[in-house]
Amino acid sequence: MQEEGAPPVQAQLVSWAGPGTGRELPAGAARKAERSAALFSHTLATLFLRYVQIARRLEACYDQGVQPQKRPVLRRLLDAVLGRLLELKQELVDLQLSEYHYMDHVLQELGLGPADMEVPIPRYFLSERAKALQERQEVLAEILARVAPSKSAAAPRPSMPREEAVRLVQMAERMRQGRLRARFMREIRRDEERERKAREGGLQEPNRSQAAVCIQKVWKGCLQRRLTQQTRQQEMVFIGMALEPQLMGASPAGIRAQLGEEFRRMRQADYEAEYREALHSIRDTVYEVEGPSMREEMKAQLRQWFIECHDLTGRFPDFPEEAIGGSSVLFAQKTPEEVRAELDLAEIKVDKKKKKKDKEKGKEKAKEGEKKKGKEKKSEEDEGLKLSPSKFLTTMDQGFQEYTALWSSQDEVINFEQRYEAELIRAEKQAEVAAEIRLQVDELMREELRNLRLAVDLEESKAGKPLKAKKSAKKKGKKGKKEKDLTPDRTIDSLYEELALEGILKKPPKVPLSDYSGSPTVHELAPLVRSILLVGPAGTGKKMLVHAVCTETGANLFDLSPDNLAGKYPGKSGLQMLMHLVLKVARALQPSVLWVGNAEKTFYKKVPKEEKELDPKRLRKDLAKALNLLTAADRVLLMGTSSRPYLADVKGLCKAYERILLIPRPDYASRYVTWQRLIQKQGGTLAASLDLSALAKVSDGYTQGSMVQAVQAVLSERRLLQLPKRPLAAGEFLQMLARAEPIHPEEEEMLQDWYTKTPLGKKKLLVEEEKRKAAEAKAKDNKKKKK
């Protein structure tokens, strides 16, 4: 099936990035510096949102496409667009000095909604590694199953004394008898009340008409309530606020879409296997069929070159070295004289470059004075804000040009099933086979040229010095120490099992990122940096976000929290072994997440007396060393969570974590959505009697964790059974929510004051101070002018 979304995406790349230009903005706008920070921020936000839309469509094209030769090109384009998103995100952070960005005005201009600004998580993160992830989960579950019985056996349940057991039985029996006695007395009082009413009112004969009226009243009221409920449901369906009853479950269209997606995944795998097999078969065919003719043609060309050079110069030429391309430099449609001149003048160019450098040094010294004056003038003109150079625009441009060159002229009517194109593979393999045969021919012709010199010119093999490739200048310096492997004889599986048995490697619960009800901007940050610290009051979803990152990326979770490491791998050597095992397994089975809960304990200013035995600061030095060992190719993320960061040393904490994200308490919109999702997830129904708006308003100051506990406490199994007769009310949740501890203003102020001591907080304070001084100076100038 052909990707229907691909052409529009390419058209947008043309209009926004500019084909063949490698830029996003018009030439004039790209060179001109913007003096207004507001306008520059608006430009960055617009680019960011447009790239988000491109990423969404490219991801859909890559996920839905089945043609095995198109998908790699789309994958490179998608990766480049995601990389550009990261660059723009960093630009926004540097400009606004904040991790949170408000783009409501840009969303309104582009006609987008708040959900359109969330960066898409590519589905290939999990789909392309589904089999490996499933096997890894099964192994981890098997290891944890072996550990569970041993833990239960190690801590047996204490036996109960006989006197205590007798006392519990007696208490339960008295309670049972009390309930029976209360029910018996209630029946007696009810009978006495009936008798008293009968004596006061006197005995009346049964009236059939009154009984019929009573029955009719009850029945008509029941029918009217049913009719009113149906009418209300129909009205909600009509205005689009509810689904029709037949569409509440799995619809036939949804089932067909799910089956179509599974079938597409199967076709992608089958077509990819066919494509890989065709690469080898077509290459072998080209080598066997066209290889001999290529070899003879190359030999004939080289022999002709030997003869022509000998006739013109009187001796045979020097054969180019393999390092500079071998005979490939000769087949550039040049005459033998031009080729010989290029080979002879190659060494002379080196001397000319040296002379030019000496002349340029003299000129630079003479022009230094003039440049200083020119720079002062230019600095005034160039003051402003510009986009930093991008590493991904060239990749996007190349990917677009490649896609257009290969597929714009392809007639795919005959290839409706979107299988591989054999002609494209043949053209690619012809170049590979030609390069491979050229190396073989060069070796043979070098030997033949040597024999010709001895036989015809009586020249020694060392007479002519072949042109050699220049050696790259090696920088002298201290060689970095290689990381020593402390477990060279052990396999990754054994190390994986050891970490799981020690409780370092854990199985994270499945938490989709869509279930996280905090700030949407948090979604963009977590998987995109090397280390990040999540700071916020207890219950704001920091640990849940760690689990969501592991779920969405299929990452392993290593728990390096101080409480979890207590008593494990003691001593300095044990700690080194622990970090070695964690890094070795994390790199081998990447992506991985190293989680440090209560991160402030690792960098305590002063360790409390009750925690000195646990030695929470033992990981302080080794954590920084571990980060230095990570390279750009390692997909390992360090995530820390802390609710009391003010207890830690700010310098050490900021040195270990590149990004620090302050998660505030939920606002009104987040609380409303959280209550709605939690109640529905727990099995409750949102009746008209439940005022979610008032509940979200009253619950201001409470965290998502407190809301979860309140919903779980209210919606018990017994309460769920009572829902048809007794709908939910907001008072029930408020009663349970009142038992939780709210976020006090003092705690929020402490977190805000601590955040101002971080690098980003300091920059923001400096900028605000400069703005304040500039405003004061401007006000003084205005007063002087008025006087």
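**Entry 1: H3 and H4**

I looked up H3 and helix H4 (residues 71-96) first: their axes come within 9 Å and cross at roughly 155°. The axes are lines fitted to C-alpha atoms, for helices over the stretch in contact, and the angles run from 0 to 180 degrees between N-to-C directions. H3 and H4 are therefore roughly antiparallel to each other (under 35 degrees counts as roughly parallel, over 145 as roughly antiparallel, 65 to 115 as roughly perpendicular, the rest as oblique). I noted the crossing of H3 and H4 as left-handed (the near helix is turned anticlockwise from the far one by less than a right angle; clockwise would be right-handed). The contact of H3 with H4 has 22 nonpolar, 2 polar and 6 charged residues (nonpolar: Ala, Val, Leu, Ile, Met, Phe, Trp, Tyr, Cys and Pro; charged: Asp, Glu, Lys and Arg; polar: the others, Gly among them).

**Entry 2: what I am reading**

This is a predicted model, in which local features need pLDDT of at least 70 and side-chain atom pairs count only at pLDDT 80 or more, while totals for chains, interfaces and linings use all residues. Residues are numbered from 1 along each chain as its sequence is written, and side-chain values use heavy atoms, with hydrogens and water left out.

**Entry 3: an aromatic pair**

I found that a search of the whole structure gives 4 aromatic pairs (ring centres of Phe, Tyr and Trp, the last by its six-membered ring, within 6.5 Å; planes under 30 degrees apart are stacked, over 60 edge-to-face, the rest tilted). One of them is Tyr-62 with Tyr-124, edge-to-face, at 5.6 Å centre to centre and 80° between the planes. Tyr-62 lies in helix H3 (residues 37-64) and Tyr-124 in helix H6 (residues 124-127), so the pair ties together parts 62 residues apart in sequence. Tyr-62 counts as buried because its relative accessibility is 7% (buried is under 20% relative accessible area, exposed over 50%, partly exposed in between, with a 1.4 Å probe and protein chains only). Tyr-124, at 9%, counts as buried too.

**Entry 4: H15 and H19**

I then checked helix H15 (residues 492-501) and helix H19 (residues 571-588), which pack at about 120° with axes 10 Å apart. H15 and H19 are therefore oblique to each other. Their crossing is left-handed. In H15, Ile-492 and Tyr-496 are among the residues that meet H19 (contact: heavy atoms within 4.5 Å). The residues of this contact divide into 9 nonpolar, no polar and 2 charged.

**Entry 5: the whole protein**

I counted 28 helices and 6 strands (DSSP runs numbered from the N terminus: helices are H or I, at least four residues; strands are E, at least two). Of the 787 residues, 35% are buried.
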